[in-house]
Amino acid sequence: MRSRGTKIAFAALVGLSLLAAVFYFYAPGAFFSKGTETPKFRAGPSTELDLGQFFNAYWQRPIPLQGAPPSFFSDKESSLGPDACGSCHAQQYADWKESLHSRAMGPGPWGQIIDLTKQDPAGAISCMTCHAPLSEQSPQVAKAGDADGTLVANGAYDPQLQLRGITCAACHVRGHQRFGPPKAEGNITAKYPAGLPNHGGVQRTPYFERAEFCKDCHQFDPEYSLLVNGKPIQDTFREWQSSSWGKAGAACQSCHMPERRHLWRGIHDREWVKGAVRVEQSVEKNGSGAEGKLRLNLHVINAAVGHKFPTYLTPKIFVRAELLDQSGKALPRTTQEGIIGWDARFEDGEWKEYFDTRVAPGERFSKVFQWQAFEGARKIRAWVEVHPDHFYHVHFYPPYLQGSNLSADGRGLIERALRESGESVYVLYENIVDL
Ligand code: HEC
Ligand code: HEC
Ligand code: HEC
Ligand code: HEC
Ligand code: HEC
């Protein structure tokens, strides 16, 4: 197992995605079947399993092949495609299509996986354990009963389904059996017209409402993963757990799936972030012109983010201020900046931390801007700019594109990903004060 890990660590050197490289290096067995300890979901009420047992089995990834559908299923009920689910569950489908879960096989991941599939199939599968986790999404699967994880061609592979990312079935279907949360308030027959086939009902479990449901893909086990300055690269669940939100039992779903909506808004959504992050500022002015001193205190407060703001090392938030003249033009050399984020980079074969200024729930990032002489200054402009994909745009795709073993398809996709990762930038907050 170690030799494979070393190979991946080397691949990371030439530009593999950080997350999986790390995941795969330290937990290479984690995505293959764990054999007999796996409870069968169809056999009995899943709530008889305790939380840990349930999720160990439910989130075995890749998710084992579903097998043949029950003979009474119609074509629509037999399909694992999100469009089929959407024909009866229109609201969830419309939401999901907007969400990043549906785009988890976009040009960034897919551009790498397309080449990995040829160069290192096990590496490709390790990416897909999070980005396209159904076995039906993979051209190869682990040979049944083979502890070494030998890969064989997958007869059930569906190339179109592969590109649909994290599908409805990944979260809701095991062995063609539907799993879901306890019934919502109101009459279910009002939601689904009488006589609509219902895939033999739904196995309901309260575990769908638990934060542990999201944990497997959004948290690395600190015992088995690489730590950068003592911290796993994905630590969202633990950040949440130790926060007031976690202590109060406000699960990820309570914020990210309000009223069970399937949008999973996050750092890429300006309005959403605005609702959870408060910015405050105050200006102090002493004297004027060449004699004067000017001070701006700016605070970015994590008011309602249930983990660090931001939780990953991929976004950066630039907190900036500058002096403006009468006409609103910036005065040269007056721009100053502070950065919120976790700046860690993979360089020369190892991870290096530059700084970590992420803001824990309830806490604040404070920046003091100072100008000594401010002749000609009439206003101060302060603004907060969010770069959700900063790491990829600046530290990952450019060196990756320098690599020598990219296919033409891979290169085209990564060039698109580089462009798109620069287009997600937005201004969260802006304020211009007269002096
Ligand atoms: C032909 C229509 C149809 C298709 C296709 C379909 N469903 Fe359903 N689904 C239903 C009906 C009807 C119910 C109500 C079940 C009941 O009686 O409790 C339901 C219930 C559910 C529930 C519980 C919903 C609730 O309101 O609590 C989930 C989750 C679910 N389906 C997931 C899926 C997924 C995932 C797919 C695709 C892989 C899918 N369904 C495909 C008709 C369908
Ligand atoms: C443990 C789950 C996990 C694994 C394994 C994983 N990823 Fe990701 N990946 C994520 C999460 C969560 C995000 C979103 C957070 C972020 O942007 O860092 C993400 C984001 C990304 C992004 C940026 C978003 C986008 O769609 O452009 C790329 C590119 C990516 N992953 C590629 C890969 C590749 C390639 C691999 C395998 C070498 C891989 N990932 C393995 C969970 C995972
Ligand atoms: C990342 C995992 C995930 C994906 C992908 C996903 N769901 Fe869900 N779904 C959930 C969770 C978790 C809940 C329960 C949320 C709660 O209780 O707060 C849920 C709830 C539901 C419900 C019950 C809604 C209600 O009002 O009671 C339906 C129906 C459903 N999902 C269908 C779908 C369909 C159809 C898709 C694809 C278009 C889909 N889901 C994709 C995780 C997922
Ligand atoms: C099968 C793995 C998987 C599961 C389960 C999962 N996620 Fe994700 N999630 C991902 C990946 C991968 C991405 C990044 C998609 C991309 O951009 O390529 C992501 C993206 C997100 C984002 C958007 C982040 C952004 O950058 O704006 C949010 C929010 C999120 N997930 C929340 C949740 C919540 C809440 C749950 C539990 C209900 C959950 N996820 C379950 C894999 C998963
Ligand atoms: C109290 C509300 C709240 C809770 C609880 C919460 N989140 Fe978030 N989450 C947010 C907000 C607001 C953002 C946008 C700001 C940000 O990115 O930090 C966000 C962003 C994210 C992102 C985007 C990536 C990033 O770097 O920030 C992911 C992924 C995510 N959350 C996953 C989760 C998971 C998994 C859980 C549960 C363990 C969870 N969240 C719990 C409110 C919440």
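Pro222 counts as partly exposed because 13 C-beta neighbours lie inside 10 Å; on this scale a residue is buried if 20 or more other C-beta atoms lie within 10 Å of its own, exposed if 12 or fewer, and partly exposed in between, with C-beta atoms placed from the backbone. The model is a predicted one, in which local features need pLDDT of at least 70 and side-chain atom pairs count only at pLDDT 80 or more, while totals for chains, interfaces and linings use all residues. Residues are numbered from 1 along each chain as its sequence is written, and chains are lettered from A and ligands numbered from 1 in the order in which they are written.

Pro222 sits in the loop between α12 (212–218) and β6 (227–228), where helices (H or I, at least four residues) and strands (E, at least two) are DSSP runs numbered from the N terminus. Apart from its neighbours within four places in sequence, Pro222 is in contact with Leu227 and Pro232, a contact being a pair of residues whose C-beta atoms, placed from the backbone, lie within 7 Å. Asp235 is 13 residues from Pro222 in sequence, and the C-alpha atoms of the two are 8.2 Å apart.

Pro62 counts as buried because 23 C-beta neighbours lie inside 10 Å. The peptide bond that joins Arg61 and Pro62 is cis, with omega about 0°. Thr129 is 67 residues away from Pro62 in sequence, yet the C-alpha to C-alpha distance between them is 5.1 Å. Another cis peptide bond joins Phe309 and Pro310, with omega about -10°, and Pro310 lies in the loop between β9 (293–302) and β10 (316–324).

Positive phi values in residues other than glycine also occur in loops. Trp264, with phi near 45°, is found in the loop between α15 (252–256) and α16 (270–274), and it counts as buried because of its 21 C-beta neighbours inside 10 Å. Asp348 has a positive phi of about 50° and lies in the loop between β12 and β13 (350–356); with 7 C-beta neighbours inside 10 Å, Asp348 therefore counts as exposed.

Turning to the chain as a whole, there are 18 helices and 16 strands, and of its 435 residues 36% count as buried. Among the contacts with a separation of 6 or more, 69% are between residues 24 or more positions apart.

Two packed helices are described by the angle between their axes and the distance between the axes. Here axes are lines fitted to C-alpha atoms, for helices over the stretch in contact, and angles run from 0 to 180 degrees between N-to-C directions. The axes of α7 (residues 107–119) and α8 (residues 121–131) come within 7 Å and cross at roughly 150°. The two helices are therefore roughly antiparallel to each other, a term for angles over 145 degrees, whereas those under 35 count as roughly parallel, 65 to 115 as roughly perpendicular and the rest as oblique. In their contact, Pro109, Gln112, Ile113, Leu116 and Thr117 of α7 meet Pro121, Gly123, Ala124, Cys127, Met128 and His131 of α8. These residues divide into 7 nonpolar, 4 polar and no charged, where Ala, Val, Leu, Ile, Met, Phe, Trp, Tyr, Cys and Pro count as nonpolar, Asp, Glu, Lys and Arg as charged, and the others, Gly among them, as polar.

Helix α7 also packs against α18 (408–423), their axes coming within 8 Å and crossing at roughly 160°, which means that α7 is roughly antiparallel to α18. By class, the contact of α7 with α18 has 6 nonpolar, 4 polar and 4 charged residues. For α17 (390–401) and α18, the axes come within 10 Å and cross at roughly 160°, so α17 is likewise roughly antiparallel to α18. The α17 residues Tyr392, His393, Tyr397, Pro398, Tyr400 and Leu401 meet Arg411, Ile414, Glu415, Ala417, Leu418, Ser421 and Gly422 in α18.

The largest nonpolar core has 38 residues, and those with the most contacts inside it are Tyr397 and Ile414; such a core is a set of buried Ala, Val, Leu, Ile, Met, Phe, Trp, Tyr and Cys residues joined through C-beta atoms within 7 Å. The elements that give two or more residues to this core are α7, α8, α10 (168–172), β12 (342–347), α17 and α18, and α17 gives the most, with 5 residues.

Definitions and conventions:
Two residues are in contact if their C-beta atoms, placed from the backbone, lie within 7 Å.
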